[in-house]
Amino acid sequence: MPHSVFDLFKIGIGPSSSHTMGPMTAAADFVEGLGDRLSAVARVTADLYGSLALTGKGHATDRAVLLGLSGCHPGNIDPDEAERIVAAIRQAGRLDVAGRHPVAFDEAADLRFNQRERLSFHSNGMRFTALDASGATLAEAVSYSVGGGAVIDEAEIKTNAAPTLLWDVPHPYRSGEELLARAEAAGLTIAEMALANETAALPEAEVRARLAAIAATMSACIDRGIGSGGILPGGLKVRRRAPEIHAKLLARQERALSDPLAVVDWVNLWALAVNEENAAGGRVVTAPTNGAAGIVPAVLRYYERFVPGANADGTVRFLLTAAAIGALFKENASISGAEVGCQGEVGVACSMAAAGLAAVLGGNNAQIENAAEIGMEHNLGLTCDPVGGLVQVPCIERNAVGAIKAIEAARLALLGDGTHRVSLDQVIETMRRTGADMNERYKETSLGGLAVNVVEC
């Protein structure tokens, strides 16, 4: 289990974890690594490849790189401050490398979208170069944004080392089967086992505090999305619907008491609100990615608002369980839409949310694993085909559907005793193979599917 709960849930800004948060982190790491060479830098350049080049404009990768080269990190940058920094760079034609060394910056020449090239390791490849006044290279780095805001560099790949645990955990696992076996042997729930692993590195009070901050950020994102109207940026002229839907739901609350499916409307609202906020570049939590950021928060709020006895401890159990399942996908397949399609984003988020909900509804470990399996099984083959390269159509509505699927998966699993024909490990391997077989046009390139069959207006 090399992945912490905080690898799956990261606070950042939209619209994409792989195309915004990852490149920003990679660029910031590069300039911070210059050290004593920083004073000799006269120019910095960035080259984007594969999916980053093809959909980078719509995913705000250009803005992310400018911010990263300026020393900003996705976890602590204020979205409004980000707008100011980018506008200042573009207006002046200068940026402060690492936030403290000004150089001239010609965005058209120094930030290149190489749409016909793809680096070998991953579709989300990028190269950063620092040059001195004579044009000689001072430093160069190749990095890959591999999903969920995570970044690895070429040096790590070349070592070809097996993944290692960042800290010694009492309950390591690398498969669903091993997860269940270790939990049974220890007499623990999945959430208890995950908490024990986290507290091997951090005090329990800190783990709980960080999880509370994640839950609070998710909740605040829902509320901001509900309160924000207007048109989303990017040119598709997609209208933010959350405020209007919220008003309608409030207006018909009494009538909704007789509608057994009224709860579905609220879950749809919460998921839409998050992903509209994400599309606008607001603050979100990767869960496990930005493109799928609305599913876990929507299902978590469903638990908090509609499940009797819901409490803060239940929220912690929900998130720990969801992350334990997400770690299996990250370890054995992928959470990158550019690598395996949207099944790796919305599909994984649906699986995580289903597991978390099953846990807080009283499911045993076998039922939780069954819920996670159902959540992914019915998202297999889901393509990533964003219209205009924007995380808007079909991404926003896809989160609403994914949240409802997660609730259905949890409830269906709880009707059984946990025994089922297809295991979570089998469905994860199927997802990995399906992603490998999927045509590149359907993996976050905007070269196939809805992206080429919907006329942009």
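Modeller: The largest cavity has a volume of about 160 Å³, a volume being the space filled by probe spheres set on grid points joined across faces, edges and corners. The model is predicted, so local features need pLDDT of at least 70 and side-chain atom pairs pLDDT 80 or more, while totals for chains, interfaces and linings use all residues. Residues are numbered from 1 along each chain, and side-chain values use heavy atoms, without hydrogens and water.

There are three cavities of 30 Å³ or more (sets of points on a 1 Å grid where a 1.4 Å probe fits but cannot get out; lining residues have an atom within 4 Å of a point). The lining of the largest one has 18 residues, with Gly291, Glu345, Cys384, Val391 and Cys395 closest to the centre. By class, eight are nonpolar, six polar and four charged, with Cys counted as nonpolar and Gly as polar. Helix H2 (17-32) and helix H19 (395-414) each give two or more residues to this lining; helices are DSSP runs (H or I) of at least four residues.

Because 11 of its 13 residues are buried, H18 is largely enclosed by the rest of the structure (buried: under 20% relative accessible area, 1.4 Å probe, protein chains only). Among the buried ones are Asn365, Glu369, Glu373 and Met376. At 1.5 Å a residue H18 should span 18 Å, and its end C-alpha atoms are 18 Å apart, which agrees; the expected span is 1.5 Å times one less than the number of residues.

Notes:
1 Å grid on protein atoms, 1.4 Å probe; cavity = no way out; pocket = protein on both sides within 12 Å on 5 of 7 lines; lining within 4 Å. Buried < 20%, exposed > 50% of the residue type's maximum accessible area, 1.4 Å probe, protein only.
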